[in-house]
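Biologist: Thanks for sitting down with me. Could you walk me through this model, and tell me what stands behind each term you use?

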Amino acid sequence: VSYVKALLATMGAAEGRARRLARFRHFHAEREPLFLLCWRPGGEDGRAAAVTFAIGRRPARTIVAGDPRNWELQAHMLHEFALSFNSWFDRFASLREPCGRTRQGEERLVAHAAPQVIVANTATKKFLGRLAQFVKVLPPALRTPELDRLSLHLDFLHELSGSRGQSLLVVMTETLDFHYAIPLTAAERQSLSAADATIAHGAAHYFEALAEAEEIQFGPLPSAAWEKGLFELVRKFNAARGKVTDRALVVPLLDPVEREYRSLSEPSLEILRRGYYREAGFQAAPFLHSRRLEDRRRYTLYVDWASGGRGRGLAPSP
Amino acid sequence: MPRTVEEDLAIAWRGGAPTAGNNSREVAKYVATGQCPTRGLCLAAGVSTDRLLRGTRYEVPFGQSPFAIQRGRKVEEVARAKDAEAIRLRAEAEFGSFPRWGVVDISTFYKKPNWDVGVLSTYEVVAQVLAEDASAPSLIFGAAFAYELKRRKQHYEADVLLVTPRGVIHVVEIKSFPKVAGQADGKMLGEAVAQASIYLLALRELVSRLGGDPSQRVSDEVLVFTPENFRLRLTSTKKNVARRARYTEEALRLMPSVSEFERDVPRGFTFGEVADCGREESERVAPLERVACVVGTTFGPECLGNCGLFRFCRERQYRDRKLAALGPEVTNLLPGVETWDEALELSEGRDAGLPPNLRVIADRLARARRLIDEAAAPVASHVRRVR
């Protein structure tokens, strides 16, 4: 932390609102990115109990596994997610435009646009990496081409997230931390709603809005108190399904669990979207155009590799 | 067994407040909060900080996920299965083959909170190991310790003790978080190691009480058994906790004893008043506020997750406009500066009469303020400068 950031944080604390640290916006903002929330059960790292996602301001969709501790239920749920996610992720590569020439003198074609995934916090970013690892260890009988592709996509996003300035995977808590001197401790800043409350709140001081904001969860691990209620629903779901794991047969039984996750995700998704679009409203930094071109170039290279060129070697390095 | 004066005092302070488990987790949490005196008082009185402020606006979420509890049980079953085969295989890979593999489960001999039988059994088994008795077990599940902490008895239960073929005892922790691709979650592993270091201290004390040499017979290396990748097959992580144990020992040594707290705690105070849900919130918080004022607190980011009084203390920091509310990133940069107002005053550049250390900070803050004011100038001039 620099003295400038420390002083701005102190000023923010005294004034009751976080001070901005950057005049410009330092991430590329899409009109319709994919907002993603992931939930996992306590103690089970790498298992997705539910995912909630929405493209731009469109209605959100929640997919639940029922009991993700069961490998088959987990694989079927992820397959359903993969069908939606992969088609959205891949479609950006279909339209390309020329962008310079290769060393061999051939015209280089780069995707016209690139996907952008918005997640709430660093824990979700790490979880995406874990999920990719989990899909890789699924037994062959449960693996599908869609799942393999999902694993590759998540791996790519997770790997690339460590690259400075990239905007393919945007972590909102990190973004807010970069653009504002948030007057909270590092642990408190991990709650997106708490960090957001220091920037935009209706009270006299952000502290008054803090406790309420901290009640909103962003995952991937929900609170133990919330999981106590869910545990009972999962128990009932397991009793109702017996040993059946066929997705088509279990889907009608998933309603109560899905409702629970949907109500958990709704306020979080709202804050995630609101925060993103508020920040998107700031003037873009002058370098963003060329940085986004680099994102598109990497995305194009990756998609070409994932779509068949994989035999030629390792994935393009981030 | 007759109670000591300290124990009587602790019971009186606790009153009707919810009790905390008399366990290593509570001690580890106290150590993690940087030896906060108020947290220490709660530990001494055996009060659960998580439940103390239930029903007030300071209540913090706590508890363990039922999924995690179930997984923990499963992992423990796997560890115990087939004469603890999973542990034996890893232990053989680490320490060579065992001429005789004997397993004893002390946890089946007693039921908490009646620790006496467990403590006595552990005492006997460890004495057998130290005497190099041929029938001594190689693996001891649920070893119970009675550890004396500031003239008060604390009871701890270690998951497992492993006795190597050379007669050295290792503390073993069984945890349910996975180790994926050779890496375990650093925070979880840290918590496990913190707990193990407390068992290590208790084990060293027991060994020296039995006439053994802890430096020869108790290993500083603990083994943390966790599931490997996404299945329940166990793997182990070896960690040397000597430094951690030294730190914990020092923190516990510096912890005020019950009689030391007695000097500060107002007469007639009980945590029961604070926990009483039948009272108004302000009536509940007032005695806690008085105690926190006289005993003192150390507020930091580590309080989140380790102390149920976190929100209560945070409000005090904000009310007093303390820099600690902004975290160590800020306080470490501004040593000697206590409040927001002091920091803002220093940034205004009036450094006459300041001690030399504050003059340096004042100079840097003043420079930071100039930069902020310059950046706040109209956009056009800023953009010109960037170009």
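**Terms and values**

Modeller: Let's start with B:Ala84, which is found in helix H5 (residues 66–95) of chain B; helices here are DSSP runs of H or I with at least four residues, strands are runs of E with at least two, and both are numbered from the N terminus. This is a predicted model, in which local features need pLDDT of at least 70 and side-chain atom pairs count only at pLDDT 80 or more, while totals for chains, interfaces and linings use all residues. Residues are numbered from 1 along each chain as its sequence is written, chains are lettered from A and ligands numbered from 1 in the order written, and side-chain values use heavy atoms, leaving out hydrogens and water.

Biologist: What makes the bond between A:Gly219 and A:Pro220 a cis peptide bond?

Modeller: Omega is about 0 degrees there. A:Pro220 lies in the loop between H8 and H9 of chain A.

Biologist: Why are H1(B) and H3(B) called roughly perpendicular?

Modeller: Helix H1 (residues 5–14) and helix H3 (residues 37–45) of chain B pack at an angle of about 110 degrees, with axes 8 Å apart. Axes are lines fitted to C-alpha atoms, for helices over the stretch in contact, and angles run from 0 to 180 degrees between N-to-C directions. Under 35 degrees counts as roughly parallel, over 145 as roughly antiparallel, 65 to 115 as roughly perpendicular and the rest as oblique. H1(B) and H3(B) are therefore roughly perpendicular to each other.

Biologist: Which residues meet between H1(B) and H3(B)?

Modeller: B:Ala10, B:Trp13 and B:Arg14 of H1(B) meet B:Leu41, B:Ala44 and B:Ala45 of H3(B), where contact means heavy atoms within 4.5 Å.

Biologist: How do H3(B) and H12(B) pack?

Modeller: H3(B) and helix H12 (residues 281–295) of chain B pack at about 115 degrees, with their axes 9 Å apart. B:Pro37, B:Thr38 and B:Leu41 of H3(B) make the contact with B:Val291, B:Ala292 and B:Val295 of H12(B).

Biologist: How do you know that A:Glu214 and B:Arg311 form a salt bridge?

Modeller: The rule asks for a side-chain nitrogen of Lys or Arg within 4 Å of a carboxyl oxygen of Asp or Glu. For A:Glu214 and B:Arg311 the closest N and O atoms are 3.3 Å apart, and the count between chain A and chain B is six salt bridges. Over all chains, the search finds 56.

Biologist: Why do you say that the pair A:Glu30 and A:Arg292 ties together parts of chain A?

Modeller: Their side chains meet in a salt bridge (3.2 Å, N to O). A:Glu30 lies in the loop between strand S1 (19–20) and strand S2 (34–39) of chain A and A:Arg292 in helix H12 (residues 288–306) of chain A, so the pair ties together parts that are 262 residues apart in sequence.

Biologist: What is the area buried between chain A and chain B?

Modeller: About 4300 Å², with carbon and sulfur atoms giving 67%; buried area is the accessible area (1.4 Å probe) that two parts lose on being put together, summed over both. In chain A, A:Tyr3, A:Leu7 and A:Arg23 lose the most area to chain B, together 17% of what that side buries. The contact takes 49 residues from chain A and 49 residues from chain B.
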